[in-house]
Amino acid sequence: MNKIRTLFFRMQNLIAKNLFMTVRIKTRQKEVFLTFDDGPEEGIAPFILSELGRHGFLATFFCRGDNAARYPDLLQQLVAAGHSIGNHTFCHIHAYDTSAREYVEDIERAEALLHTGIARPPFGSIRFSQLARLRRHYRLVYWSLDSGDSRREINDPNLLVEKLCRSTRPGDIVLFHCCKQHEANTRAILPRYLDWLSSHGFRSCPIPDGRDNLPD
Ligand SMILES: [Zn+2]
């Protein structure tokens, strides 16, 4: 892909994010919206479930269709525990490499398993042509705070958690992952962050479904 094309898509992405995607949720309560991408996968999904359960927190899981097909029991456990499910495409495709038609087809393939009104494009990337079609059916969700669990290397998890805690504000949508690839990092960060949230009076809620709750 040439540089100008990429730049053009990035510009579309920036506008889409700021004007048409939910980046944070307006709230007067001391609440955040934890989100977990790419799952559900064995090992890490039950771990996250039990950590959230320990605090009575609810979250949103942006699932890949292929993982939902591979692990229907895990998907069912997430739903049964009261968490929200979001669409994260079937094959974790990148918007810049895919036509609008292919993109929508991949989302619809995942939708047959996920049944949701919220979606998060992989990498937070979206082009106008795809956005126009997805907005009819989904609340599109970005994030305001990245936990850092997808970093290749974390030298000091304590430092990372401290920074995450210092940055946390009511209404933040916090990005975590629910996949084997980042499992070690997620296990290192999540429990300490949840403890901090609880001890500072925060709770975590699922992102409201549908498009009537407009982003601020
Ligand atoms: Zn992803």
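Where in the model does T89 sit? This is a predicted model, and the place of T89 in it is the loop between β3 (84-87) and α5 (100-114). The backbone there does something worth a look: phi of T89 is near 70°, a positive value in a residue that isn't glycine.

One more backbone feature turns up at G39 and P40, which are joined by a cis peptide bond with omega at about -5°. P40 belongs to the loop between β1 (31-37) and α2. Both G39 and P40 also show up in the contact list of F61. Setting aside neighbours within four places in sequence, F61 touches F36, L78, H83, I85, G86 and C178 as well as that pair.

F61 matters for the next part of the picture, the nonpolar core. In soluble globular proteins, nonpolar side chains tend to be buried together. The largest nonpolar core in this model holds 54 residues, and F61 is listed with I48, I173 and V174 as having the most contacts inside it. Helix α2 (residues 44-55) is the top contributor to this core, supplying five residues.

Then there is the helix packing. Two packed helices are described by the angle between their axes and the distance between the axes. For helix α7 (residues 157-167) against helix α8 (residues 183-199), the angle is about 40° and the axes lie 10 Å apart. Angles of 65 to 115 degrees would count as roughly perpendicular and those under 35 as roughly parallel, so α7 and α8 come out as oblique to each other. The crossing of α7 past α8 is right-handed. On the α7 side, the contact is made by P157, L160, V161, L164 and C165. From α8 come A188, I189, R192, Y193 and W196. Sorted by class, this contact has nine nonpolar residues and one charged residue, with no polar ones.

Notes. Residues are numbered from 1 along each chain as its sequence is written. This is a predicted model: local features need pLDDT of at least 70, side-chain atom pairs count only at pLDDT 80 or more; totals for chains, interfaces and linings use all residues. A nonpolar core is a set of buried Ala, Val, Leu, Ile, Met, Phe, Trp, Tyr and Cys residues joined through C-beta atoms within 7 Å. A residue is buried if 20 or more other C-beta atoms lie within 10 Å of its own, exposed if 12 or fewer, and partly exposed in between; C-beta atoms are placed from the backbone. Helices (H or I, at least four residues) and strands (E, at least two) are DSSP runs, numbered from the N terminus. Two residues are in contact if their C-beta atoms, placed from the backbone, lie within 7 Å. Axes are lines fitted to C-alpha atoms, for helices over the stretch in contact, and angles run from 0 to 180 degrees between N-to-C directions. Angles under 35 degrees count as roughly parallel, over 145 as roughly antiparallel, 65 to 115 as roughly perpendicular and the rest as oblique. A crossing is left-handed if the near helix is turned anticlockwise from the far one by less than a right angle, and right-handed if clockwise. Ala, Val, Leu, Ile, Met, Phe, Trp, Tyr, Cys and Pro count as nonpolar, Asp, Glu, Lys and Arg as charged, and the others, Gly among them, as polar.
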